[in-house]
Amino acid sequence: MFERFTKDARAVVTGAVEQAGRGGARTVDAEHMLLALLDKEGGRASFALAALGGSRWLESVRDALGEARRRGGLSQAEADALAGLGIDVGEIVARVEEVHGVGAMSGDRAGAGKGAGSRHRPFGRDAKDVLVRALRVATSRRDRHIGDEHILLALTVRPGVPAEVLADHGVTYETVTRVLYGGGEAKAG
């Protein structure tokens, strides 16, 4: 599959590994893919993000991803659902961090030791799913390559924190498709 990746898509994958390393994460996750896309300039995905107002909300997206990480990876929708059951996720996070330190629920602390930045990080299930969905998006469009735009589209259709954060900023499969291809199409994925 990787032989079909464009230079820009490969840069996103490499950037995701670097993002995971900077954060001390054990695995490369979908969130790291999104962060790498936000850092990547000059590709079709960055064009779409810029057209959708990306320069105005990039830091807001990063902050939202950081907050989700602090909640142990729970999306805001999941935290809201738990609140409906009387469970205050914010209070739980505050109590855990009071005892164990800020970021204790992020799952990224294990890699903080010596040599953490250089060790191999496997791709997590959600990051692998994003790559498979990117292939499906490309195939459904009859594209012969997988570009960074296909990774962005895959992130918008895969349920989870990255899709929720993107949607909160007006970046959906439909809006990205409209910017890149001039019209809405059925979702692949």
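A residue is called buried under 20% relative accessible area, exposed over 50% and partly exposed in between, with a 1.4 Å probe and protein chains only. With that in hand, Ala167 is partly exposed, at a relative accessible area of 40%. What you see above is a predicted model, where local features need pLDDT of at least 70, side-chain atom pairs count only at pLDDT 80 or more, and totals for chains, interfaces and linings use all residues. Residues are numbered from 1 along each chain as its sequence is written, and side-chain values use heavy atoms, with hydrogens and water left out.

**Confidence**
- The average pLDDT (the predictor's confidence in each residue, from 0 to 100) is 84 for the protein, and 85% of the residues score at least 70.

**The nonpolar core**
- A nonpolar core is a set of buried Ala, Val, Leu, Ile, Met, Phe, Trp, Tyr and Cys residues joined through side-chain atoms within 4.5 Å.
- The largest one here has 43 residues, and Met33, Ile151, Leu152, Leu155, Val171 and Val176 have the most contacts inside it.
- Helices that each supply at least two residues of this core include H1 (7-23), H4 (54-70) and H10 (173-181).
- H2 gives the largest share, seven residues.
- Leaving aside residues up to four places away in sequence, Leu152 touches Leu37, Ala45, Ala48, Leu49, Leu166, Val171 and Val176.

**Surface and loops**
- Leu85, Ile87 and Ile92 make a nonpolar surface patch of about 270 Å².
- Patch residues have over 30% relative accessible area and no salt bridge; like charges are joined within 9 Å, and nonpolar side chains (Val, Leu, Ile, Met, Phe, Trp, Tyr) within 5 Å.
- Ile87 lies in the loop between helix H5 (76-84) and H6, and is partly exposed at 33% relative accessibility.
- Arg142 sits in the loop between H7 and H8 and is exposed, at 74% relative accessibility.
- The phi of Arg142 is near 65°, a positive value in a residue other than glycine.

**Back to Ala167**
- Ala167 belongs to helix H9 (residues 161-168).

Definitions and conventions:
Helices (H or I, at least four residues) and strands (E, at least two) are DSSP runs, numbered from the N terminus. Accessible areas come from the Shrake-Rupley method with a 1.4 Å probe; for residues, only the protein chains shown count as cover. A salt bridge is a side-chain nitrogen of Lys or Arg within 4 Å of a carboxyl oxygen of Asp or Glu. Contact means heavy atoms within 4.5 Å.
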